Amino acid sequence: MNISLKKVMNCNMLKYNTFGMNVTARCFMEYGSEAGLLKAIEQIKDESNVLHIGGGSNLLFKGDFDGVVLHSAIKGIKAEEENDDDVLVRVGSGEVWDDFVEYCVERGWGGVENLSLIPGEVGASAVQNIGAYGVEAKDVIALVEGIELKSGQKRVFGTLECDYSYRQSIFKNSLKGKYAITFVTYRLKKHPVLKTEYGNIKAVLGARENLTVRDVRQAIIDIRNAKLPDPKVLGNAGSFFMNPVVDKEKFFEIQKDYPSMPYYEVENGVKIPAGWMIEQCGWKGKSLGRAAVHDKQALVLVNLGGATSDEIVALSDAVCKSVADKFGVSIHPEVNFI
Ligand code: EPU
């Protein structure tokens, strides 16, 4: 049995966070199998401060971490079951998300092509309910396997049990910090209906016919590359804020002054793109110290090089305050502050 477990004391976390924070964790443990995770659980049973990370693309370390950081290196992508329409693919939580997307696209299986190039790993897709261009992970997740950190008990969650909504799941709420995700099973389509309605996907695809999932993946890659900074060049954690949902009354009040404001009607109100509001506040491309609002997508905060977490937080606070002052709307970070 593979019980691989790597343990590093006083581990520098630079390569484990895309924001580029140069901090140290008291202990870093990486497991390569469920058995390795059980071994880690045994070793950390008296530890009160445990943080499970994925690709580190959605967190901001506010300083050194005095605790144990856990990371999955469970690999493997395997089609477990298929019929004429669907394929169920079980994927190790430590696989790089976009490698899995590429694997599906290569085989012509649809469902995740709109989620191309999202940084991070498979386990986080199930925790965070990652989403982009009209698709969310919950649309394709069939099962999530996790191990409770306290007891070492395995549990398999059906999609409904995960309680998914916009960037939310049970793993970020009532079960926050309680489970390590080991495998996620996705349901892909062999005869996919392509989703090209969102934003400018259609414009990028042009008038071509007989489009495939590969064409959609390429269009999404082109759109993302044009707007979103590459963390290897400019430290960032993707969208820094969530898009707020306001009630209809508030929406009409803002729309009166800004008739061309983009918006999306959702179940509980109207979603207004925070990036648009931040741009209206004049923040796009502006910096505070070594932290900046990205010049091509104002929802993203970037580390211009050597920024401290205090500088990022100061910028985040200033941006939230501007949006609240101008629009009377509260926006909140999507990024987890550690
Ligand atoms: N907009 C502006 N100015 C900006 C940014 C956006 O006016 O600086 C406007 C755009 O023109 C558009 C609208 O706001 O009309 C929405 O913009 P976009 O399509 O870029 O998406 P978003 O709402 O800003 C969300 C996700 C992204 C995801 C995109 C595409 C969240 C928090 N973010 O951003 O996810 O890629 O939609 O689906 O929901 C991430 O989570 O890290 C991420 C990048």
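**Salt bridges, strands and a domain contact**

Lys 6 is partly exposed, with a relative accessible area of 38%. The model is predicted. Lys 6 forms a salt bridge with Glu 30. The closest N and O atoms of that pair are 3.6 Å apart. Glu 30 is buried, at a relative accessible area of 17%. The cut-off for buried is under 20%, so Glu 30 falls on the buried side of it. The pair ties together distant parts of the chain. Lys 6 sits in strand β1, Glu 30 sits in strand β2, and 24 residues separate them.

How many salt bridges does the rule count? The count comes to 26. Glu 136 and Lys 138 make one of them, with their closest N and O atoms 3.6 Å apart. Glu 136 is buried, with a relative accessible area of 18%. Lys 138 is partly exposed, at 30%. Then take Lys 321 and Asp 325. Their side chains meet in a salt bridge at 2.8 Å, N to O. Are these two residues buried or exposed? Both Lys 321 and Asp 325 are exposed. They share helix α8 (residues 309-327), and a spacing of 4 residues puts about one helical turn between them. An α-helix has 3.6 residues a turn, so residues three or four places apart point the same way. Other charged side chains join into a group. Glu 34, Arg 90, Glu 145 and Lys 154 are linked in a network of salt bridges.

Helix α1 comes next. This helix covers residues 34-43, and Ala 35, Gly 36, Leu 37, Ala 40 and Ile 41 are buried in it. What covers these buried residues? The cover includes β1 (5-12), β2 (24-31), β5 (65-72), β10 and β12. β1 and β2 are also the strands that hold Lys 6 and Glu 30.

Which strands pair with β12? Strand β7 (residues 86-92) runs antiparallel to β12, and 7 bridges join the two. Within that pairing, Val 87 stands opposite Leu 188. Strand β10 (residues 141-148) is likewise antiparallel to β12 and is joined to it by 7 bridges. There, Glu 148 stands opposite Tyr 179.

Now the wider layout. The protein chain is divided into domain 1 (5-72), domain 2 (77-189) and domain 3 (235-337). The rule does find 5 residue pairs in polar contact across the interface.

Next, an open sheet. Its 4 strands are ordered β13-β19-β18-β17, with antiparallel pairing. β13 (235-239) and β17 (287-288) stand at the edges. Each has a single partner strand, so one side of each is left without a neighbour in the sheet. The partner pairing of β13 with strand β19 (residues 300-303) runs over 3 bridges in the antiparallel sense. Within that pairing, Asn 236 has Val 302 as its bridge partner.

Finally, one residue elsewhere. Ala 124 lies in helix α3 (residues 122-128). Its relative accessibility is 29%, and Ala 124 therefore counts as partly exposed. Which residues does Ala 124 touch, leaving aside neighbours within four places in sequence? Ala 124 is in contact with Asn 129 and Ile 130. Ser 260 is 136 residues from Ala 124 in sequence. In space the two are 35 Å apart, C-alpha to C-alpha.

Methods:
Residues numbered from 1 in each chain as written. Predicted model: local features only at pLDDT ≥ 70, side-chain atom pairs only at ≥ 80, totals over all residues. Heavy atoms only, no water. Pairing = 2+ DSSP bridges. Domains from an automatic or database assignment. Polar contact = N/O pair within 3.5 Å; in protein donor to acceptor, adjacent residues only side chain to side chain. Buried < 20%, exposed > 50% of the residue type's maximum accessible area, 1.4 Å probe, protein only. Contact = heavy atoms within 4.5 Å. Salt bridge = Lys/Arg side-chain N within 4 Å of Asp/Glu carboxyl O.
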